[in-house]
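Q: I am new to this structure. Please take a close look at a single part, the sheet, and explain the terms as you go.

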Amino acid sequence: MSNVSTCITYDASTSLIMMTLRGTASAQDVMNFYQIAQQYVSIYGSNKLLVDVSELTHKFPASELLTIMPAVSQWLASCFIARVVSFDGFMHDLFLQKAQRFDIKAENFDCFNSAKNWLVNQPSI
């Protein structure tokens with residue numbers, strides 16, 4: 001059972017979709033989060049997604065990323081994704097490695113402002 005708090009907003013001044021996730025997430029939760037993000041991408045016409053997972057714990061084995069990444073790659077193929085991650089980053093690093101394998105333009109950051117600045121400097125749709 002997951003226990004996750006989610007907040008997602010759109011900042012029109014920077015054209016960023018920002019999502020903050022806190023708690024403990026299952027693999028299905030992660031897929032659901034990125035599917036919701038894709039809906040925001042469609043609604044707002046933005047290709048810049050900032051995801052703060054610094055306070056998120058993954059409650060699934062690393063092998064589940066093999067299931068997650070094909071779906072996420074389809075939903076977010078045109079996006080730039082900046083992820084704010086915690087120092088305990090094994091799953092975050094593995095996610096980034098798999099994202100790059102599926103041609104998802106993603107980077108991990110340990111600072112919100114660095115992630116935001118990187119996204120702002122990426123080309124828009």
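A: A residue is called buried when its relative accessible area is under 20%, exposed when it is over 50%, and partly exposed in between (1.4 Å probe, protein chains only). By that rule, 44% of the 125 residues of the protein chain are buried. The model is predicted, so local features need pLDDT of at least 70 and side-chain atom pairs count only at pLDDT 80 or more, while totals for chains, interfaces and linings use all residues. Residues are numbered from 1 along each chain as its sequence is written, and side-chain values use heavy atoms, with hydrogens and water left out.

Read from the N terminus, the order of elements is β-β-α-β-α-β-α-β-α. Along the principal axes, the C-alpha atoms of the protein chain fill a box of roughly 35 × 25 × 25 Å.

Now the sheet itself. The 5 strands form an open sheet in the order β1-β2-β3-β4-β5, and the pairing is mixed. Pairing is counted when DSSP finds at least two bridges between two strands. At the edges stand β1 (3–11) and β5 (105–109); each has a single partner strand, so one side of each is left without a neighbour in the sheet. On average, neighbouring strands are turned by 15° against each other, with direction ignored. Such angles run from 0 to 180 degrees between N-to-C directions, along lines fitted to C-alpha atoms, for helices over the stretch in contact.

Strands of a sheet pair through backbone hydrogen bonds, either parallel or antiparallel. Both senses can be followed here. S15 is not a glycine, and its place is the loop between β1 and β2. With 25% relative accessibility, S15 is classed as partly exposed. On the next pairing, β2 (residues 16–25) and β3 (residues 48–58) are parallel over 8 bridges, and A25 has H58 in β3 as its bridge partner.

Helix α3 (residues 90–101) lies across β3, β4 (80–84) and β5, and runs at about 160° to β5. Helix α4 (residues 112–120) packs on the sheet as well, touching β1, β2, β3, β4 and β5, and its direction makes about 175° with that of β4. Touching, or contact, means heavy atoms within 4.5 Å.

In the loop between α3 and β5 is D103, a residue other than glycine with a positive phi near 60°. D103 has 62% relative accessibility and counts as exposed. A106, in strand β5, has 4% and counts as buried. Setting aside residues up to four places away in sequence, A106 touches I81, L96, A99 and Q100. C79 lies 27 residues from A106 along the chain, yet their C-alpha atoms are separated by 8.3 Å.

The largest has 33 residues, and Y34, L49, I68, L76 and I81 have the most contacts inside it. Two or more of its residues come from each of β2, α1 (27–44), β3, α2 (65–75) and α3. The largest share, 7 residues, is given by α1. Y34 is in contact with L49, V51, V72, W75, L76, R83 and F95, leaving aside neighbours within four places in sequence. Apart from this there is a second, separate core of 9 residues, including L16, M18, L50 and V84.

Definitions and conventions
Helices (H or I, at least four residues) and strands (E, at least two) are DSSP runs, numbered from the N terminus. A nonpolar core is a set of buried Ala, Val, Leu, Ile, Met, Phe, Trp, Tyr and Cys residues joined through side-chain atoms within 4.5 Å.
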